[in-house]
Amino acid sequence: MSTTTHPADSHDLIRVHGARENNLKDVSVEIPKRRLTVFTGVSGSGKSSLVFDTIAADSQRLINETYSAFVQGFMPTLARPDVDVLDGLTTAIIVDQERMGANPRSTVGTATDANAMLRILFSRLGTPHIGPPQAYSFNVASISGAGAVTIERGGRETKERRSFSILGGMCPRCEGRGSVNDIDLTQLYDASRSLNENALTIPGYSMDGWYGRIFRGCGFFDPDKPIARYTKRELDALLYKEPTKIQVDGINLTYEGLIPRLQKSYLAKDVEALQPHIRAFVERAVTFSTCPDCDGTRLSKEARSSTIEGKSIADVCAMQISDVAEWVRGLDEPSVAPLLTGLQLLLDSFTDIGLGYLSLDRSSGTLSGGEAQRTKMIRHLGSSLTDVTYVFDEPSIGLHPHDIQRMNQLLLQLRDKGNTVLVVEHKPEMITIADRVVDLGPGAGAAGGTVCFEGTVEELRTSGTLTGKHLDDRASVKDEVRSPTGRLEIRGATANNLRDVDVDVPLGVLVVITGVAGSGKSSLVHGSIPEGDGVVSIDQGAIRGSRRSNPATYTGLLEPIRKAFAKANGVKPALFSANSEGACPACNGAGVIYTDLAMMSGVATVCEVCDGKRFQASVLEYRLGGRDISEVLAMSVTEAEEFFGAGEARTPAAHAVLSRLVDVGLGYISLGQPLPTLSGGERQRLKLATHMGEKGTVYVLDEPTTGLHLADVENLLGLLDRLVDAGKSVIVIEHHQAVMAHADWIIDLGPGAGHDGGLVVFEGTPADLVATRTTLTGEHLAAYVSA
């Protein structure tokens, strides 16, 4: 028998040569297929640029190119990454941390197809039988209609009477949202003024723009008459009129009443996804309450009346998923056996991945980053595909050490089926299961972008790289803890799965709230400690921003810089904004000109007029401290802190913001770097620096270690210590053992997740928790500090 290998078996590597995406500096690396490779390095070192923006992006681009040009026209266009050679790629399936859509109609059930299966099940077995699967869907409205239609056959026109009806499961009162809103009219306008006197108090509704032209020219009311003196008909037209075509100054426009316009523009979106000033208006003007007709289930009376073994589809969706799995297991109906098997596998996947505590009617926008990522994983767990590249972005986010062990098993199962698994990760527990480790660095931003190490975990430990040095770091429990200066009393907390919890949260110290995923930590903190009144809450929500947003605009730093430039040169501040009057007219302040090539990837070329500087040439003649505005935006945070801290350019307001950015370890990023190019850890710290500027006495942080390298966690702990030493109270929801060990007081929730959690199982110092080891957290913390 011949021992020569078949040529097809020689392609065992994914080869990357000369990768230059973002900050990568001609990186070349060979990744073994059908193995688990972990990419490590400090936040901003280039891990995501290599794994997501180079390997995964090109795999997706190549797959898209296998479709016809017609189909490609409907797909997102992907440019080829900046790399010399990419060889041996397989189909990439990306499971990232992006939050799931915050659409109010999207739930865990609709996002994972569990609802689709349940609807079919109820349409076959439900009694009384009410109709097809869509009759159980809260996203399908019931519609019926009749009328004459004209049909042309054989050159002759004939009229026929037709009727149709669609039976949907949507609750007609709340339109499938589960909640109804009541708008406080006094928050929409000042009745004592006329429209021309700016009576409208809705953000963005000024009389100077298009709205003013529409309201003045519609003819439904007098814009000079105070709203208080409107007739019933005029007030109805202002508030409720349906979209109506009007003509103003020869231009065709559409007039629509304030209430339907608000319903479409602001209230159709998730409140959390709105801009801060609009969210403040909505929270002030609108009260949301559970729909009285469907009791928040989103479903019509008919859909709720059909049951299987005494349970309606609404009852099943409200149950904990692990309980739904048991209920489905008890159904014995041969006629729908394949459906029951598929549903059973899907629901069991939730439990396997540690999400059995969720319910199918939970809004997908309320899931944390880690929960969203694991929900996306579910559809891949039972997949029969092999030789696929699975790409994970920090799958340990939001996971207790107890849950990380389970996640490790799932990653190893995917690998053992014959798949290539690439993981970007910081947690030592996940790095240690790797077959191969690729460490990027040595620093972040411009100081990173090179491969510092490739090899096994054992070789990493002795490699001398930053990750290698910190891999076996073990924090020790504090000998002495600070004494509290007061207490925040929480009594009878019942939000979500909390079971009438009473707890005192000490103030003036570092408090860590911990417990397995789904034990009720966020419910306790966010449900019982409302924002405002000196409370600054920093959640895991993603930073939203286009290519025009950068650290200077996001933190509010650009405002004092613009004013300083304007004052020094005696001109308007708006000139120093690339999104306003100072923008280069050729590229509109973008710095690049995009050419859309339909289904081919678009081309971005540097603007020849401003040379990528984004400003008009005349604006760049104005200087502050010898620098123009484009040179200031090209500075790193550390450079800018020095620049605005002394001399002619001294600007205390800008210096204060820059100091906070240095404090959170972002000294290396440039002020004008577009937000989408920042890594997850960098965005998390940018958010932290911005909120630190708010006046508050109590800081609530939700998993601040997300996206942070082991070395950065030390800096974060130093920052938290400085906050507490300055007299602030810091409450942290966290799973990282180093943060737990550093706490002055720990509140541990559990013992399990969902209805098995919701209780305080431990309160005390980290040393007491390690000594007693009565909880899962205690066991893992004791193992971590080697007690």
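**Working chat on a predicted model**

Strand 9 and strand 10 form a hairpin with 2 residues between them, and D249 in the turn has a positive phi of about 50°.

User: What is the mean pLDDT of the protein chain?
Analyst: This is a predicted model, and the protein chain averages a pLDDT of 88, with 96% of the residues scoring at least 70.

User: Where is confidence lowest, and where is it highest?
Analyst: Confidence is lowest in helix 13 (residues 369-381), at a mean of 78. The highest value, 97, belongs to strand 3 (residues 36-40).

User: How is the protein chain divided into domains?
Analyst: There are domain 1 (7-99 + 367-470), domain 2 (108-172 + 295-350), domain 3 (179-290), domain 4 (473-543 + 691-786) and domain 5 (544-677).

User: How far apart are domain 3 and domain 4?
Analyst: Their C-alpha centres lie 44 Å apart.

User: Turning to strand 14: is it enclosed or open?
Analyst: Strand 14 (residues 389-393) is largely enclosed by the rest of the structure, because 5 of its 5 residues are buried.

User: Which way do its residues point?
Analyst: T389, V391 and D393 point one way, Y390 and F392 point the other way, and all are buried. In a regular strand, side chains alternate between the two faces of the sheet.

User: Which strands pair with strand 14?
Analyst: Strand 5 (residues 92-95) pairs with strand 14 in the parallel sense over 4 bridges, and I94 has V391 as its bridge partner. Strand 15 (residues 420-424) also runs parallel to strand 14, with 5 bridges joining the two; here D393 stands opposite V424. Between strand 14 and strand 15 the chain passes through helix 14 (residues 401-416), and this β-α-β crossover is right-handed.

User: One more topic, R61. Is this residue buried or exposed?
Analyst: R61 is found in helix 1 (residues 47-64). Its relative accessible area is 11%, which is under the 20% cut-off, so R61 counts as buried.

User: Which side chains make polar contacts with the side chain of R61?
Analyst: The side chain of D58 makes one at 2.7 Å, and the side chain of E65 makes another at 3.0 Å.

User: And what does R61 touch beyond its neighbours within four places in sequence?
Analyst: R61 is in contact with L78, A79, R80 and P81. R61 and L78 are 17 residues apart along the chain, and their C-alpha atoms are separated by 5.7 Å.

Key. Residues are numbered from 1 along each chain as its sequence is written. This is a predicted model: local features need pLDDT of at least 70, side-chain atom pairs count only at pLDDT 80 or more; totals for chains, interfaces and linings use all residues. Side-chain values use heavy atoms; hydrogens and water are left out. Domain bounds come from an automatic or database domain assignment. Two strands pair if DSSP finds at least two bridges between them. Buried means under 20% relative accessible area, exposed over 50%, partly exposed in between (1.4 Å probe, protein chains only). Contact means heavy atoms within 4.5 Å. A polar contact is a pair of N or O atoms within 3.5 Å; within protein, one must be able to donate a hydrogen and the other to accept it, and residues adjacent in sequence count only if both atoms are side-chain atoms. pLDDT is the predictor's confidence in each residue, from 0 to 100. A crossover is right-handed if, with the strands pointing away from the viewer, the path from the first strand over the helix to the second runs clockwise.
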